[in-house]
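Thanks for coming. Please bring up the model, and I'll talk you through some of its helices and strands.

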Amino acid sequence: MAIDNWENIINQVTGWHMRKRDDITGIKGKSGAPWVEIEVQKRGRIDSMDDLQLHQQDNGNGWHLEFFVLEGSDVHKYQVDITYADLFPGSEYWKQAETALSSLLHAPFTSIVAGSLVAGAPSITEGVDLHSFPVTAASFDAAGDFFKKHTETVQDWLHQLGSEDAAWKGNAAGVFWHLIDDLHSKYDGYTTQLRPAGFAPQHTSPSTGKQSTTLHGDNLIGAEVSLYQTYQDLYAAYENFFWQHASPVPLHLPDGSSSSAQIPADPSDILNQVFDSITHWIATYNAPYVRGRLAKSGNAFGGSGRLNGAVAMPGFHDSTSYGRLADTSHWAAAAQEAVRRWTSNVQTNLDAPGHIAVTKLQQSWSRVLDPKWDNAFTFTDTSNTSLAQEVLDEMPKNGPDGGGLTGPDGGGLTGPDGGGLTGPDGGGLTGPNTLLSGSGGSSLTGPDGGLNDPGGLTDPNTLLSGSGGSSLTGPDGGLTGLGGSSLTGPDGGLTGPDGSSVLTGLPVSNINGSSTTFGPGGTSTTTYPDGSITTRNADGSLTTRFPDGTTRTVSPDGDVTTTDAQGNTTTSHLKPGQTLKNPDGTTITRNADGSLTRTGTDGSKTTTFPNGTSEIVGPDGQTQITSPDGIVSHLNPDGSLTTDYPGHGSTTVHPNGDVTTTDAQGHTTTSHLKTGQSFTNPDGSTVTVDGKGDITTHYPDGSTSTLHPDGKITTTAAPHTTTGPGGTTNLPKLPNIPTTTHLPGGGSITTHPDGTTHTAFPDGSSLVTSSNGNYQALPSPGTTSAGAGAATAAAGAGAAAGAGAGAVAGVSDSQNAMGLLSPMMMMAGMSRMGGQQGGGNSAGERVRETYDDKDTDGAYLHNGLLTQNNTPTPEEYEEEESDSEELLGPRRPATESPYGPTRTPRMSTQSTSTSWAADEDDVWGTEEGGLPASIGH
C-alpha cells in the first residue's frame, strides 16, 4: 500500500481503515450535483414592491437564496433551494484520524479500541499496541539477566572441573570440560553483546515510562519513541487541519478573483463558506442594480404598490464566476468549488505533512536491530569451532558391528539394503507402488485412477471437461452442449439459434397499466390504457399514435416530427430539458443524457435510454426495468432486483450478493455472489454485484445496465457495429466508451476513461469536471438565449464560456478535459464586475427605451423605494479573536467568509432593503421634451 495519502498513512501506522476520499468527493445529490440537492425556480415577473425584497436563509443543512435574472429587457425574480446531501463520511474522515491517533498518544496506548462508535477500528491482528515494544524489550532484558547470572555459574563449574582436586578424571571428564567451557564462552559472548561495556539506556518508553537494561531492548524502546513521535506529528497535522490553523489553500471566488484562506475540515462548513460568499455577491453585484417600473395607476411614491416589471441598471450582473444564476449548473459548480477546496486542504495539510512524518519513521526504523547499520546486532557466535573435532578425538571410533549411523550393515538411514528413505527396493516415499510421483506413474498421475488418468475425473462419462465433450460442454444435454441444446439451444431456450428472443410477439404487462410487445432488433410496441400506441424504432426514436389520429416521432437527438389526422406534417426540435405536451395530455421530455421520458396523466413516468433499457416508475413509486431484449425486472423496496423469465422461472439479486432462483416448477434455491463473481441468467445475460451494492447486468449484445441502491441506473451502449459485404459485424467494445448514470430526476452523469465527468441537469445546463478537480459550468440553451445581448456577463467570461461550450460539444472522446477552464480563466477580462464593461451602457440604453412604454409613467423603484443609482459599498469586516485552544474537546470551527478573515453571523432571514441598501434620496426630474430624467445618470 502506497503511503502517498493520509488514509493509507493512518492505516499503515495505526491499522485503522479510514474512509477513502473518493467516498467523500463522490457524494452526489439526486440531481447529480456534488454534495447538494438543487432546485432552481422562477418566481416570475416583478409586479409589486415586495418582489424587490430578497430573502436569504441558511437553514442549517442548506440554503434558500433569491436573486434577479435579466431576460430580454425585463428582470425576473428567481430562487434556489439547496439541501446538503448526507455528508457524514466527510465528518467521519477527520473523526477516524482523531480517534486512531489519540488512542495511541494517551492511555491505553493502543489503536485496538473496543466498542468504538467510530467506524474503521482495526482488529486485534491489525491494530497497534505500543506496549508490545517494552514487552519485547523486557524479553531481551530477561535474556541479559539469564546469561549474566549463568555465565558466573558456568565459570564456577569450569573452576571446579579444572582443579587438581576434581573427583573425576579421564576422557569423559575432558570431553565434558570442553562442553562446559564452550557454553561459558557462548554465555559470556551473549552477555557482552546484550550489555556492552559502558552501555547506558538512551530511551524511555512512552507507554510505560520504563527503560531497558540491554542494547537491543533500548533500541526497541527507541523504535517505540520514533513511532510515538510520528503519532505526535500526525496529530499535529490533524489539529491544524481541524482547527483551521493549517496552510491556506486557493479560493476561486464568485466575483472571479482569487484568494486563499484556511479551510474548515467539515464539508458542510465549506459549503456554507461558498454559499455565504454568493449571498454577499448577490448583495453587491445583483440586487442593488434592479429598478422597479411603476404602473400608471401608481403615484410617485408607490401608491398601490403595483409595479409593471423591473429593469436592470448599469452594473447589474446575474452571472458569477461559477456560471449564470438561473442555471442548475451554476450552483453545482459552486458545490464543486467546495469539493475542490476540501480536496486541496487534505492534500496540502494532511497528505504532505503525513508523508514527511512517515518518511522520518522509515529512516529511523531502518537502523533498529539492523546488523548492516550496527554490527553490535549481529549476535556473533563465540563457540569453539574446533569443539566437534575435540569431542570426536575423545570418543571411541565406530565399531565393526556397524552400530554407527552409517555402519556397513546398512542399518543406517542410507544403508546398501535400501531400507532407508531412498532404498533401491522402492519401499521409500518414491517407490513405484507408493502414493506420490513414482516411476510407474501411479498415485496422482499414475495409470490406476489418478486425477489425470483416462479413467479419472476427466473420463468421457464424468462431469468435467472430458475429451468426449460431455458434462457441462458435452452433447448429452449440458448447459451449452455441442448440439445447441440447453438454455441457448434450439430446443426451448430464451434465445433461439437466430438470436431472437422467445418473447418476440408476446405481450408483457407493465406496472402503469400498459402492455408491450417486443419485436426483432430491439423494437417494441406499447399500448396505453387511453388508446395511444408508442413504438420504439430500431434507431432509438419513439413514434406515438394518439387517439385523435395524430402521430409524433421524437428522436434521441431532439428532432420532432408531428403529423395530424389530416396528414399535415410539422417539424420542431426539443432541446435538452425541454418538455412537449402531447395531444392526449401526456408529455415527452428530452433528457440531457439522450433518454426520453413520457409522463402520463396519472403521474407515471416511462424513460427509454439510448441502449434500449427502459424504466417505468408507477404512480405509487414502483419501478420496473425492461432490458434491451425485453426481459422485465422489478425493483423491490429492499433494493433487490427480481427478473421473471417466461417459462423459466425467476431470479432475485440482492445488493449484498444473495441470489434467489426459482425454476419453472417453483423450486427455490439460494446462492451468494462474491465480489467479482457473476451469475448467468436464462437469457444469457450475466449479473455481478460489487461491494457497494451495485447490481450490474451484462446483456448478450454487449450493453450493460447497473442498478444502484439509491435507484440510479447506469447504462453503457452495445459495441459498435459495421455493415459491409459480409454482413453486420460487432466490433469489440472500445476502452474509451464512457459510462452514463441516469438519475431519477432526469439528469445524468457521464464518466469518461480519463476521469472527466459530464453532469447534465434536467434544465439543460451541465457541469464538466476533470479528474484533477477543475470544473466548468455550461449554461442551458434556454438561459443562453434569454441572456443573449444582456449586460450580465463580462466579455472575458462570455468568451471563456463560449470556448468551453465548444470544447465540450465533443466530449465523447474526452480529449477536451485539458481545455477545461478554471474559474479564473472563465472570468479573465472581468474588471471585478464593477459596471465598467460595455454591457453597462447597453443596460442604460434599454432603460431609456422603456420610458415610452405605454404601461409606465417612467418612475423606477429600487427595493420598494424611488431611488437614484447609488452603488452600495461592500461591508467591511473586522478580524475576530481566534477561538481559545483550551477546550475540552474538538468542535466544528466557525466558517470564515472568503471576503474577510471572519464571516459575519448569518441571519435566518435577510432582506436587501434592510441589510445592504445604501442611503438613497428620492429623485425626480424631467428632461426637455417632458420625458422623465434617467434615474442614475
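I'll start with the ground rules, then take helices, then strands.

This is a predicted model, where local features need pLDDT of at least 70, side-chain atom pairs count only at pLDDT 80 or more, and totals for chains, interfaces and linings use all residues. Residues are numbered from 1 along each chain as its sequence is written, and side-chain values use heavy atoms, with hydrogens and water left out.

Helices (H or I, at least four residues) and strands (E, at least two) are DSSP runs, numbered from the N terminus.

Helices. Two packed helices are described by the angle between their axes and the distance between the axes. Take helix 1, residues 6–14, and helix 8, residues 328–365: the angle is about 35° and the axes are 9 Å apart. Axes here are lines fitted to C-alpha atoms, for helices over the stretch in contact, and angles run from 0 to 180 degrees between N-to-C directions.

Which residues make the contact? Helix 1 supplies Trp6, Ile9 and Val13. Helix 8 supplies Leu350, Asp351, Gly354, His355, Val358 and Leu361. Contact means heavy atoms within 4.5 Å.

Next, helix 7, residues 267–286. Its 20 residues reach 27 Å from first C-alpha to last, close to the 28 Å expected at 1.5 Å a residue. That expected span is 1.5 Å times one less than the number of residues. Helix 7 is largely enclosed by the rest of the structure, because 20 of its 20 residues are buried. Buried means under 20% relative accessible area, with a 1.4 Å probe and protein chains only.

Now strands. Strands pair if DSSP finds at least two bridges between them. Strand 17, residues 559–563, pairs on both sides I'll show. Strand 16, residues 551–554, runs antiparallel to strand 17, with 4 bridges. Val554 has Val560 as its bridge partner. These two strands form a hairpin with 4 residues between them, and Gly558 in the turn has a positive phi of about 100°.

Strand 18, residues 569–573, is also antiparallel to strand 17, over 5 bridges. Thr562 stands opposite Thr570. This hairpin has 5 residues between its strands, and Gly567 in the turn has a positive phi of about 95°.

In a regular strand the side chains alternate between the two faces of the sheet. On strand 17, Val560 and Thr562 form the covered face, while Asp559, Thr561 and Thr563 form the uncovered one.

Last, an open sheet of 11 strands, ordered 19-20-21-22-23-24-25-26-27-28-29, with antiparallel pairing. Its edge strands are strand 19 (579–581) and strand 29 (668–672).

Technical notes:
Buried < 20%, exposed > 50% of the residue type's maximum accessible area, 1.4 Å probe, protein only.
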